[in-house]
Amino acid sequence: TVLAKPISRRQFLIGKTLGIGWAVGMLFLGIGLMFLFLVSYKTIYDGLEASKADLTWKDGYGEMAKVVPALVLGYMETMVFVFVSVMISTRLAIVSNLMICFSIYILGHITPMMLEKEDAFESVTVVGQAITTIIPVLEHFDISAAIVGEATVPAAYLGWALVYTSLYSAVALLVALILFEDRDLS
């Protein structure tokens, strides 16, 4: 019924994608602020439990600053899935979309681990490289090793992740526009 209105298919898909992205952004902002508050509170609480006398707001701020890159990368990963899901929804029903997105999530995290093995069969490597060409490499958004190792995530890494997210999302949107152009309204 929406496509019977005087809007183009392009406007519909771009509006749908931006609307979902905006809603997800507001959700991430609310949950992220609550999470940052809890991280800061836990730092101060643990310090008080350990009888530290020199606690300042900088202690809580330092821990919050370590978490912000993870929240930003989580939002970027979610946006990649928004664009992929909108692309799939131009042709398939919601149940199929859900199953394909779940499969992409699993493959996007497992495939880089398959390619790391040096003693892997050549056919596994070829298939893994083909999968990483088509399916997004979600390991780019995982910084759990940096968090565990107490390392900071450089801004350049976030910048390259943003470039990857933008390029992959743009390609997914272009494919969605092509797939939706000749779709019947029924």
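The protein chain averages a pLDDT of 84, with 94% of the residues scoring at least 70. Where pLDDT is low, the predicted coordinates should not be read in detail.

A bit of bookkeeping: residues are numbered from 1 along each chain as its sequence is written, and side-chain values use heavy atoms, leaving out hydrogens and water. Local features need pLDDT of at least 70, side-chain atom pairs count only at pLDDT 80 or more, and totals for chains, interfaces and linings use all residues.

Now for the helix packing. The axes of α1 and α6 come within 10 Å and cross at roughly 140°; axes are lines fitted to C-alpha atoms over the stretch in contact, with angles from 0 to 180 degrees between N-to-C directions. That angle makes α1 oblique to α6 (under 35 degrees is roughly parallel, over 145 roughly antiparallel, 65 to 115 roughly perpendicular, and the rest oblique). On the α1 side, the contact (heavy atoms within 4.5 Å) is made by Arg9, Arg10, Phe12, Leu13, Ile14 and Thr17, and on the α6 side by Leu173, Ala176, Leu177, Phe180 and Glu181.

Next come helix α3 (residues 94-116) and helix α4 (residues 122-134), whose axes come within 9 Å and cross at roughly 140°. These two are therefore oblique to each other. From α3, Leu107, Thr111, Met114 and Leu115 make the contact, while α4 brings residues including Val124, Gly128 and Ile131.

On to the rings: the whole structure holds 6 aromatic pairs, where rings of Phe, Tyr and Trp (its six-membered ring) pair if their centres lie within 6.5 Å, with planes under 30 degrees apart counted as stacked, over 60 as edge-to-face and the rest as tilted. Phenylalanine 28 and tyrosine 75 have ring centres 5.6 Å apart and planes at 75°, so this pair is edge-to-face. It links distant parts of the chain, 47 residues apart: phenylalanine 28 sits in helix α1 (residues 9-49) and tyrosine 75 in helix α2 (residues 57-89).

Key. pLDDT is the predictor's confidence in each residue, from 0 to 100. Helices (H or I, at least four residues) and strands (E, at least two) are DSSP runs, numbered from the N terminus.
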